[in-house]
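Biologist: Hey, I'm new to this one. Can you walk me through what holds it together side chain by side chain?
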Amino acid sequence: MADQTTTYDVADDLVDRIVGLKPGSRTYEVRHQREKVAAATQGSYDALFDTSLDKDISLTERLLVALYACRLTPAPELATHYRERLIAVGCDAALVEIADRGEPKDVADTRLAAMLQFTRTLIEDPVEGDKAALLALPAASMSTPAVVALSQLIAFLSYQVRLVAGLKAMKASEQEEAHA
């Protein structure tokens, strides 16, 4: 995993940006009561999408998995973020389209297709993420470290999606109370 010595910049917090949290709002203050949790969330995001992981899974593959997971959940704001990152790194538009609207079977690359299928299994039916689902990954030329990295990425994405959904609900409640 990437070097964990980076400094947390609260002004550049992805979750705050996605949810639209600003200092002074009750939801922002609740989220930042335990600053180390917000910092750890941002640090995990930074590490999981660091280019130093490219030897096991490329940044483009990780972003495609993220877009696909956010589409399945659905988490439209996060999907937009990952789609924009894919475009920024120059990902093939056809692959972005598949992650955004297609199916794993639509991907010609068997390794990426297996990654997306494993993502779908863990997002939609985690009980089915059994030995057979795991063994499909090495069969598609994924190393053990890559399988571990993919599993960590999907687990983080599940957490990130739920965090954003919870904060959006809190923010909406705060806004409703303000207008009541």
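Modeller: We'll go through a helix pair, then charged side chains, then aromatic rings.

Modeller: First, this is a predicted model, where local features need pLDDT of at least 70 and side-chain atom pairs count only at pLDDT 80 or more, while totals for chains, interfaces and linings use all residues. Residues are numbered from 1 along each chain as its sequence is written, and side-chain values use heavy atoms, with hydrogens and water left out.

Biologist: Okay, helices. At what angle do helix 4 and helix 7 pack?

Modeller: About 35 degrees, with the axes 10 Å apart; helix 4 covers residues 59–72 and helix 7 covers residues 110–124. Helices here are DSSP runs (H or I, at least four residues), numbered from the N terminus. Axes are lines fitted to C-alpha atoms over the stretch in contact, and angles run from 0 to 180 degrees between N-to-C directions.

Biologist: And which residues of helix 4 and helix 7 make the contact?

Modeller: From helix 4 they include Leu 64, Val 65 and Tyr 68, and from helix 7 they include Met 115, Leu 116 and Ile 123. Contact means heavy atoms within 4.5 Å. By class, there are 9 nonpolar, 1 polar and 4 charged residues. Ala, Val, Leu, Ile, Met, Phe, Trp, Tyr, Cys and Pro count as nonpolar, Asp, Glu, Lys and Arg as charged, and the others, Gly among them, as polar.

Biologist: Switching to charges. How many salt bridges are there?

Modeller: The count comes to 14, where a salt bridge is a side-chain nitrogen of Lys or Arg within 4 Å of a carboxyl oxygen of Asp or Glu.

Biologist: Give me one. Which residue does Arg 31 meet in a salt bridge?

Modeller: Asp 13, at 2.9 Å, N to O. Arg 31 is in helix 2 (residues 26–31) and Asp 13 is in the segment before helix 1 (14–19), so this pair links distant parts of the chain, 18 residues apart.

Biologist: Is Asp 13 buried or exposed?

Modeller: Buried, because its relative accessible area is 1%. Buried means under 20% relative accessible area, exposed over 50% and partly exposed in between (1.4 Å probe, protein chains only). Arg 31 is buried too, at 10%.

Biologist: What about Lys 168, which residue does it meet in a salt bridge?

Modeller: That's Glu 77, at 2.8 Å, N to O. Lys 168 lies in helix 9 (residues 144–179) and Glu 77 in helix 5 (residues 76–88), so the pair ties together parts that are 91 residues apart in sequence. Lys 168 is partly exposed at 32%, and Glu 77 is partly exposed at 30%. Elsewhere, salt bridges that share partners join Arg 71, Glu 103, Arg 120 and Glu 124 into one network.

Biologist: Now rings. How many aromatic pairs does the structure hold?

Modeller: It holds 4. Rings of Phe, Tyr and Trp (its six-membered ring) pair if their centres lie within 6.5 Å; planes under 30 degrees apart count as stacked, over 60 as edge-to-face and the rest as tilted. Tyr 45 and Phe 49 form a tilted pair, 5.2 Å centre to centre with 45 degrees between the planes. Both Tyr 45 and Phe 49 are buried.

Biologist: Which residues are in the cluster that ring pairs link?

Modeller: Tyr 45, Phe 49 and Tyr 82.

Notes. Helix = DSSP H or I, 4+ residues; strand = E, 2+ residues; numbered from the N terminus.
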